[in-house]
Amino acid sequence: MTEKLFYVDSHLKEFTAVVELCRPRDDRYEVVLDRTAFFPEGGGQYADTGRLGDVLVSDARERGGLIYHLTDGPLPVGAEVEGRIDWGTRFMKMQQHTGEHIVSGLVHARLGYNNVGFHLGSGDCTMDFDGEITREVLMEIEQAANEAAVSNLEVLVSYPAESELAGLEYRSKIEIEGQVRIVTIPGYDVCACCAPHVKRTGEIGMIKLTNVQRYKGGARVTMLCGYRALADYRTKEEQTRQISSLLCARENRVADAVVHLKEEHTRQKARLAQMQKILLKYKAQEIPKTEQFVCLFEEELEGDGPRILMNLILENGRAACVVFQKTGVESFRYVMGSRTVDMRPLAREFHGQFGGRGGGKPEMVQGSAQGSKDEMRAWMQKKGKEILNV
């Protein structure tokens, strides 16, 4: 059995140990020590990283009571080595994990929901609950969680005997064989957990619940604690400052400024659409009356412009019309229509020739295609004459 120093002292950063096993594994090495402060992956928390002597430790896993360290180089069996864990990352993980205990305990006490999933990722951590949580309730949970943090409560770890465990009410997501490790935050949570935690809740710092969404019939809550919450605040503060400068608005009024900008954008968009329609009427009138099958390539149209232009041309008495709008180097979207001819057969043949796709009704088909503008124009003009018998 590997002696687990992270249970003796969760704040242990450096230690010495004897190498008991070293063997190749793919392009890495698996190293077993007589004791270690490296926490292996477990309980929703990923493994510690760091160094053993001069080699890097990128992962740690427990199998059969032994902890295997994945290293980038070999270590001599029987040698004593100095281990150093990446303390900044470990402390950050302990902040998140202890914060999760407080939040999950509060959700369970107030709503009766169970934590059915926990993932401590590289950017944030998520908690899955078997019931829905509104944003209003989430803010109440967040307030209570931060009250627990500033109370600087001692985080207690115990190993109850089976007789004690039988009468103890605690949270646990899985059935546990053997000795059960209980982590208690007085007044907030009692939970079976294998991971290291901070010693007092004050070390967690701020607990920020950034999002809640429906997930598998329940809720998924996203959380940031401590230094992660601070980094998130700094990022959002800088973004708000930049937006404030661009909009010439005070930082605490940027939302109002954005609403005003959006309303103005909507008005301008409506004006441009109306102006485009007026211009398209003139364009439709310029089409020679002798041209019964009209094929146009227009790059400047926006929104419903191609469809509006097509309908205006048909209203002016043309038999059929197709309008292409460029979307890439040799890619186009199109709309084709007629008041007298079923355009679907023409569209299907066109798709086969130019790798297109789309659909619609006899009087109008819309879609996209790939190819040369000149080749498409020549093909359409030829087919147009055929279907109109001109």
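Which element gives the largest share of the lining of the largest cavity?

1. Basis. This is a predicted model, in which local features need pLDDT of at least 70 and side-chain atom pairs count only at pLDDT 80 or more, while totals for chains, interfaces and linings use all residues. Residues are numbered from 1 along each chain as its sequence is written, and side-chain values use heavy atoms, with hydrogens and water left out.

2. Largest cavity. The largest share of its lining, 4 residues, comes from β6. Both β6 (55–63) and β7 (66–71) supply at least two lining residues (strands are DSSP runs of E of at least two residues, helices are runs of H or I of at least four, and both are numbered from the N terminus). The search of the whole structure finds 1 cavity of 30 Å³ or more, and the largest cavity holds about 40 Å³ of space. On a 1 Å grid over the protein atoms alone, a cavity is a set of points where a 1.4 Å probe fits but cannot get out, and lining residues have an atom within 4 Å of a point. Grid points are joined across faces, edges and corners, and a volume is the space filled by probe spheres set on the points.

3. Cavity lining. The residues are Arg 25, Glu 30, Asp 59, Ala 60, Arg 61, Arg 63, Tyr 68, His 69 and Leu 70. They divide into 3 nonpolar, 1 polar and 5 charged (Ala, Val, Leu, Ile, Met, Phe, Trp, Tyr, Cys and Pro count as nonpolar, Asp, Glu, Lys and Arg as charged, and the others, Gly among them, as polar).

4. Second largest pocket. About 400 Å³ of space lies here (a pocket is an open set of points with protein on both sides within 12 Å along at least five of seven lines). Of its 17 lining residues, Leu 272, Gln 276, Glu 300, Leu 301 and Glu 302 are the closest to the centre. Two or more lining residues come from each of α6 and α7 (305–315), and α6 gives the most, with 8. By class the lining has 7 nonpolar, 3 polar and 7 charged residues.

5. α6 and α7. The axes of these helices come within 9 Å and cross at roughly 40° (axes are lines fitted to C-alpha atoms, for helices over the stretch in contact, and angles run from 0 to 180 degrees between N-to-C directions). The two helices are therefore oblique to each other (under 35 degrees counts as roughly parallel, over 145 as roughly antiparallel, 65 to 115 as roughly perpendicular and the rest as oblique). In the contact (heavy atoms within 4.5 Å), Gln 276, Lys 277, Leu 280, Lys 281, Lys 283 and Ala 284 of α6 meet Gly 305, Ile 308, Leu 309, Leu 312 and Ile 313 of α7.

6. α5 and α6. Helix α5 (residues 226–247) and helix α6 (residues 254–285) have axes that come within 10 Å and cross at roughly 50°. That makes α5 oblique to α6. Thr 240, Ile 243, Ser 244 and Leu 247 of α5 meet Val 254, Ala 257, Val 258 and Leu 261 of α6. This contact comprises 6 nonpolar, 2 polar and no charged residues.

7. α8 and α9. The axes of α8 (residues 344–354) and α9 (residues 373–388) come within 12 Å and cross at roughly 150°. That makes α8 roughly antiparallel to α9.
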